[in-house]
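I've opened a new notebook page for this one.

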Amino acid sequence: MSWVFLSLRKMQLKQKLSAYQNRLIQISQKLMDTQELAAAVADGKITYQEATSGPSSMFGTQLNFLGQSSNIAYQSAQIKTNAYLQQMQAINQATGGQYQYSLDPTSMAGYMQNGQIQPYLLFNNIYQEELEAYAQQYSQLLNKQEQDLEQEKLTLETQIKAIEAEYQSVSEQEGQNIENDAIKLS
């Protein structure tokens, strides 16, 4: 009669196995979506093509990244540009305008035009650097999420193997018990 209990255990294992396999599928999909998002934000920007070809589950996250990265980079670039220009103005005033002539034109080429520092060029360069810095920080966050998902996936795969092994063992034991409990005619 113990085969009845073994049959019930098999049914429980089958349900548990199904639930774990479904969760594994969900985690695998989320992992792939996260990896696609990480690739899209790596350069600090999400292009229209990246946004439309990316996973739909990450569309809101992509829009959120765009809004946050742009806003943070803009504010930071504005603060840094103003601070730099104020510092340069103070130094130039203190040196009677001589400091500006001591600047290496090749290192300042991205900011200067006609021998003068152009605030909009300085701002644009700082803005690009801030976008890239935000993307790096965001990529680190996504990398951590990927590692967590990989760990959860590994744990589930291990649990699935253990359930499958127990299921196989219970099936074999059930078969033996059915044979043992069978009526034998002599």
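**Entry 1: H3 against H5.** I began with this pair, and H3 and H5 are oblique to each other. In my notes, angles under 35 degrees are roughly parallel, over 145 roughly antiparallel, 65 to 115 roughly perpendicular, and the rest oblique. H3 and H5 pack at about 135°, and their axes are 7 Å apart. For the axes, lines are fitted to C-alpha atoms, for helices over the stretch in contact, and the angles run from 0 to 180 degrees between N-to-C directions. Helices here are DSSP runs of H or I with at least four residues, numbered from the N terminus.

I noted the hand too: H3 and H5 cross in a right-handed way. Right-handed means that the near helix is turned clockwise from the far one by less than a right angle, and left-handed means anticlockwise. The contact of H3 with H5 holds 16 nonpolar, seven polar and two charged residues. For those classes, Ala, Val, Leu, Ile, Met, Phe, Trp, Tyr, Cys and Pro are nonpolar, Asp, Glu, Lys and Arg are charged, and the others, Gly among them, are polar.

**Entry 2: ground rules.** I'm working with a predicted model, where local features need pLDDT of at least 70 and side-chain atom pairs count only at pLDDT 80 or more, while totals for chains, interfaces and linings use all residues. Residues are numbered from 1 along each chain as its sequence is written, and side-chain values use heavy atoms, with hydrogens and water left out.

**Entry 3: H3 by itself.** Helix H3 covers residues 59-94, which is 36 residues. Its first and last C-alpha atoms are 52 Å apart, close to the 52 Å expected at 1.5 Å a residue. (The expected span is 1.5 Å times one less than the number of residues.) I listed buried residues in H3, among them Phe65, Ala73, Ala77 and Met88. Buried means under 20% relative accessible area, exposed over 50%, and partly exposed in between, with a 1.4 Å probe and protein chains only. Gly96 follows H3 and has a positive phi, near 65°.

**Entry 4: H1 against H5.** At what angle do the axes of H1 and H5 cross? I got roughly 160° for H1 (residues 2-41) and H5 (residues 119-181), with the axes coming within 8 Å. That makes H1 roughly antiparallel to H5. The contact of H1 with H5 has 21 nonpolar, 12 polar and 15 charged residues. H1 passes H5 in a left-handed crossing.

**Entry 5: charged pairs.** Side chains of opposite charge can pair when their charged atoms come close. My rule for a salt bridge is a side-chain nitrogen of Lys or Arg within 4 Å of a carboxyl oxygen of Asp or Glu. By that rule I count five salt bridges.

One of them joins Arg9 and Glu166, at 2.7 Å from N to O. Arg9 is in helix H1 and Glu166 in helix H5, so this pair ties together parts 157 residues apart in sequence. Arg9 is partly exposed at 29%, and Glu166 is partly exposed at 33%.

Arg23 and Glu152 make another, with the closest N and O atoms 2.8 Å apart. This pair also links H1 to H5, so parts 129 residues apart in sequence are tied together. I have Arg23 at 35% and Glu152 at 31%.

Asp148 and Lys144 also meet in a salt bridge, 2.8 Å from N to O. They are four residues apart in helix H5, about one helical turn.

Notes: Helix = DSSP H or I, 4+ residues; strand = E, 2+ residues; numbered from the N terminus.
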